[in-house]
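Subject: Structure for you to look at

Hello,

Please find the sequence and structure below. My notes on what was found follow.

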Amino acid sequence: MMDELSPLRLWTMRAAFLVLTVVLLFFHLLPIETQPVAFLAPELTPPLVSIDPAEARLRSLLDQGSDRFWVAPDLLIAFAFAWSVRKPDYVPALLLATAFLLNDFLLQRPPGLWALLALIACENLKLRGRTLRDSTFGAEWLAASAWLVVIMLANRIVLTLLMVPPPQWTLSLIELGVTALFYPVVVFVTHTLMGVRKSTPGDLDRLGGR
Amino acid sequence: MRRLLLAVISLILLGVFLLWRIDSPRVERFRAQITDRIVPNMEWAMAPVTGTVNLFRDFQSYQRLTVQNQELRSELRKMQTWKEAALQLEQENARLLDLNKVRLDPRLTYITGVVLADSGSPFRQSVLLNVGARDGIVDGWATVDGIGLVGRISGVGKNTARVILVTDTSSRIPAVIQPSGQRAIIAGDNSAAPPVDFLENPDLVRPGDRVISSGDGGVFPAGVLIGQIAADPGGRLRVRLAADFERLEFLRVLRHHGSEQVSQDASVILEEGTAPIIPLASAPVSE
């Protein structure tokens with residue numbers, strides 16, 4: 001196995017995080033979700049059948065039965081959190097900022113704000129990483145979820161203060177919940193498949209100190 | 001050192017956000033350029049993956065294939081009779097137009113684009129087309145899917161253009177409700193049926209009335225079908241959209257170079273020499 005702390009490994013993992021960002025973006029941008037989320041759709045009256053039966057029949061024929069019920073979790077921030085807690089060296093601030101800003105631009109968000117908030121959260125998790133590393137997974141999950149809530153609220157407050165219409169409450173809450181629920185899965189993938197693990201007390205860091 | 005770097009990065013991010021808030025068009029242009037650089041490079045991988053995903057999603061509709069086929073056949077037979085009726089009407093219409101010497105707007109042509117990507121989040125409703133400034137696309141043009149209005153162009157890169165769908169929260173389309181002729185704004189709210197805003201007299205509007213674009217305000221063409229009026233349980237009027245948003249694959253961008261405005265008084269008509277004595281209110285406009 002490659003030396004955990006060699007520069008080669010370090011830069012490979014940094015590159016891997018960038019690749020991960022692009023892959024996640026790729027799946028976000030796939031043109032398969034071109035309609036609004038179905039559970040926000042109001043029931044329309046009168047039903048189309050009673051006004052225009054022909055049109056209603058045609059629509060039911062054209063209906064492909066793929067209504068959108070799924071709000072995807074924000075996996076990028078979950079991965080960023082998980083990596084920040086485990087191996088802060090793999091995700092330096094510049095890398096995180098680039099990844100988040102790219103997401104802001106390509107996902108039609110107000111550029112910079114979400115990236116800034118997410119970066120602050122990650123840096124805080126890095127600082128607390130040492131204590132979080134020693135405690136159970138529950139504490140880490142709680143900390144990550146708390147930061148998700150803080151980011152969402154801060155984002156809304158800043159947007160509202162600057163008179164930018166903030167995103168819909170319901171959707172934000174659903175996304176938040178789904179992301180928090182997916183966090184253990186993300187940590188599992190990070191730990192087992194990507195091999196990003198908490199450093200054990202025996203490991204020396206890059207500079208040779210403890 | 002690390003602290004300093006972090007502070008600098010944070011300041012840059014904050015600066016980008018404030019710049020966007022102050023000078024939104026410039027940053028949005030920059031966004032369009034970034035999108036233009038990155039997304040077309042993903043196209044080679046996106047097309048097969050999208051195809052595979054859609055194949056799996058179609059799986060459930062394969063089960064009712066035979067039933068659907070029969071229904072389509074009978075529908076087709078009905079359509080045949082409608083087609084005959086439409087042809088006759090078209091001939092009659094052509095004769096009447098000829099009698100009236102009406103000139104239809106010949107400049108309303110379209111460019112067809114393929115949908116490259118969607119907005120990537122449930123908060124925004126937009127798609128990215130593979131046609132852009134290179135193909136002469138202009139901000140504000142209307143986009144239809146063959147049946148009804150899908151959205152308007154907002155953000156043009158060299159090779160790509162973004163279409164803000166009528167369902168997006170930032171979409172505002174001036175519309176006319178026929179047959180009453182009431183003007184309104186169709187304001188997207190991230191639901192499948194956008195509400196009707198700024199309606200003068202809701203009593204004149206009935207469910208099932210057709211909503212078409214009014215073309216107010218420049219480059220947006222008039223007369224594009226948007227949908228039909230319906231109401232939600234709260235009694236608010238909404239539009240049941242004519243376009244099929246379930247799977248947008250090909251979209252038509254309507255070329256439009258602004259409608260002619262009658263800005264001067266009758267002297268324009270009188271100078272032509274024919275001097276028709278008609279009240280100005282019913283003066284024929286070329287659209």
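Helices (H or I, at least four residues) and strands (E, at least two) are DSSP runs, numbered from the N terminus. This is a predicted model, in which local features need pLDDT of at least 70 and side-chain atom pairs count only at pLDDT 80 or more, while totals for chains, interfaces and linings use all residues. Residues are numbered from 1 along each chain as its sequence is written, and chains are lettered from A and ligands numbered from 1 in the order in which they are written.

Chain A

Chain A has eight helices and zero strands. Its radius of gyration (taken over C-alpha atoms) is 21 Å, well over the 17 Å that the globule rule (2.2 Å times the number of residues to the power 0.38) gives for 210 residues, so chain A is more spread out than a compact globule. The C-alpha trace of chain A spans about 75 × 40 × 30 Å along its principal axes.

Two loop residues

M163(A) sits in the loop between α7 and α8 of chain A. M163(A) is not a glycine, yet its phi is positive, at about 60°. Q108(A), in the loop between α5 (93–106) and α6 (113–134) of chain A, also has a positive phi, near 60°. Most residues other than glycine have a negative phi.

Are these two residues buried or exposed? A residue is buried if 20 or more other C-beta atoms (placed from the backbone) lie within 10 Å of its own, exposed if 12 or fewer, and partly exposed in between. Q108(A) is buried, because 22 other C-beta atoms lie within 10 Å. M163(A) has 7 C-beta neighbours inside 10 Å, so M163(A) counts as exposed.

Helix α8

Helix α8 of chain A covers residues 169–193. E175(A), T179(A) and Y183(A) are among its buried residues. Shortly before the proline P184(A), α8(A) has a kink of about 40° at Y183(A); this bend is the angle between axes fitted to the seven residues ending there and the seven starting there. Just after α8(A), G195(A) has a positive phi of about 65°.

Chain B

63 residues of chain B are in contact (C-beta atoms, placed from the backbone, within 7 Å) with 50 residues of chain A. On the side of chain B that touches chain A, α2(B) gives the most, with 17 residues. Elsewhere in chain B, the peptide bond from Q178(B) to P179(B) is cis, with omega near 5°. P179(B) lies in the loop between β6 (172–178) and β7 (182–187) of chain B.

Regards

Definitions and conventions:
The expected span of a helix is 1.5 Å times one less than its number of residues. Two residues are in contact if their C-beta atoms, placed from the backbone, lie within 7 Å.
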